[in-house]
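Reader: Hi! Could you walk me through this one while I have it open on my screen?

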Amino acid sequence: MQSPFPTLFKTAAAAASILIMNACSPASEDNAGQPEPQTGDGDSNAIAKADFGETKAGEATEIYTLTNKNGLVAKVTTYGATLVELHLPDKDGNLVDVINGFDNVAGYEGDGNQYFGCTTGRVCNRIAKGKFTLDGEEYTLATNNEPNHLHGGGDKALSKQVWKAEPSAEAQAVTFSLTSPDGEEGYPGNLSMKVTYTLTDENELRIDYEATTDKATPVNLTNHAYFNLGGAGSGTILSHELTLNADNYTATDDTLIPTGKIEPVADTALDFRKAHVIGERIPDKEAKETADCETSTLGYDHNFVVNGEAGTMRLAARLKDPASGRVMEIHTDQPGIQFYSGNFLMEQEGKGGKKYPFRGALCLETQHFPDSVNHEDFPSTILKPGDTYSTTTVHRFSAE
Ligand code: BGC
């Protein structure tokens, strides 16, 4: 039988946002933890800072805690400018951490880390065969997801670097900055980046990205958080309901590289224009383990073309966990959103000893289309000297 899916990811060897809640005080606290405030005693806006451990290379890392007036908590670390924790209330006000992650930097440097919560780039998603030509010069990148380049490459991908943090004095916000030198991971240009996480009192997690370069270079930054609105490590996301504001998706070959065709989602398992339960149209775990299913039925791993004008903020996705009532809306100015249903999660152990099973969490990564640098008719990812790359994604949380 032909799969209801258009082409999906073939090899199992893949390397592996802000919310509107009811303005209520949480009925109970989970173990969000209270690190020492970083600035003066009695400063109600103080952003707590704590040690997150040393990298294998001996670099110190830090974790910052953002808290809003409704008790929501987001924690971010300098390692990979990564979102580590996100504590959201359910319909009764109970807070739970909904993000996959690790307790310290050693976990993030370990084999279980599949880009959990990180800032992904310089170019997220795939570049075909790790090659592109720009201004007459051919560039070769790491093919770390054979035969393609994935999520910025090897040891110097942005997700594996220690960023500099600057907590805000006015808002529950931290800005991370990093300059990636010319030639790093094969990319041209000295690229200076800033990523700001802001937790607002409107129950939003806002992520603002900025970058400048001294030589034309492709840039496509996203956040790779894995969400389970029932609580990270609490089972699968198969009963979550997803709506995607997308009439079309970018069709791919079996290595997940776009063919160049923009196809309608109508009459396919990719049609999320009305809410659908995620598990409704993908096979169960047993089916996935048969040889047949290693290819096109592994799950969702697709780039959707967000309706409306790229460059303007609009709704891209709405996710609801019916059991807890937690809802996340994602608004973005990006042209696309990759929906990945956690097909390569492997029961790895994360924060507090929790296990992350197959399809135990999902990613909704706002971004430019995969392999844009090799597709002239896709919205361009080329940043030129003198221009500023600037993009925003807002995750809005509520419960119902
Ligand atoms: C990709 C998946 C990949 C995963 C790695 C997602 O963004 O679309 O194919 O396996 O990242 O964690």
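Predicted model: local features only at pLDDT ≥ 70, side-chain atom pairs only at ≥ 80, totals over all residues.

Reader: Great, salt bridges first. How many salt bridges does a search of the whole structure find?

Author: The search finds eight. One of them joins the side chains of R273 and D247, at 3.9 Å from N to O. R273 sits in the loop between β19 and β20 and D247 in the loop between β17 and β18, so this pair ties together parts 26 residues apart in sequence.

Reader: Which residues are linked with R273 in a network of salt bridges?

Author: D247 and D271 are linked with R273 in that network. The D271–R273 salt bridge has an N to O distance of 2.8 Å.

Reader: And is D271 buried or exposed?

Author: D271 is buried, because its relative accessible area is 15% and the cut-off for buried is under 20%. R273 counts as partly exposed at 38%, and D247 is partly exposed too, at 33%.

Reader: What does R318 form a salt bridge with?

Author: Its partner is E400, with the closest N and O atoms 3.1 Å apart. That pair links distant parts of the chain: R318 is in strand β22, E400 is in the segment after β29, and they are 82 residues apart. R318 has 26% relative accessibility and counts as partly exposed; E400 is partly exposed as well, at 46%.

Reader: Switching to sheets. What is the order of the open sheet of five strands?

Author: The order is β19-β18-β21-β24-β27, with antiparallel pairing. β19 and β27 stand at the edges with a single partner strand each, so one side of each has no neighbour in the sheet. On average, neighbouring strands here are turned by 30 degrees against each other, direction ignored.

Reader: How many bridges join β24 to β27?

Author: Five, and the two strands run antiparallel. G336, for instance, has Q367 in β27 as its bridge partner.

Reader: Last topic: how much space lies in the second largest cavity?

Author: About 60 Å³. The lining has 11 residues, and T252, D301, H302, N303 and Q338 lie nearest the centre. β18 and β21 are the elements that give two or more residues to this lining, and β21 gives the most, with three.

Reader: How do the lining residues divide into nonpolar, polar and charged?

Author: Two are nonpolar, seven are polar and two are charged.

Definitions and conventions. Residues numbered from 1 in each chain as written. Heavy atoms only, no water. 1 Å grid on protein atoms, 1.4 Å probe; cavity = no way out; pocket = protein on both sides within 12 Å on 5 of 7 lines; lining within 4 Å. Points joined across faces, edges and corners; volume = space filled by probe spheres on them. Helix = DSSP H or I, 4+ residues; strand = E, 2+ residues; numbered from the N terminus. Nonpolar A, V, L, I, M, F, W, Y, C, P; charged D, E, K, R; others polar. Pairing = 2+ DSSP bridges. Axes fitted to C-alpha atoms, helices over the stretch in contact; angles between N-to-C directions. Salt bridge = Lys/Arg side-chain N within 4 Å of Asp/Glu carboxyl O. Buried < 20%, exposed > 50% of the residue type's maximum accessible area, 1.4 Å probe, protein only.
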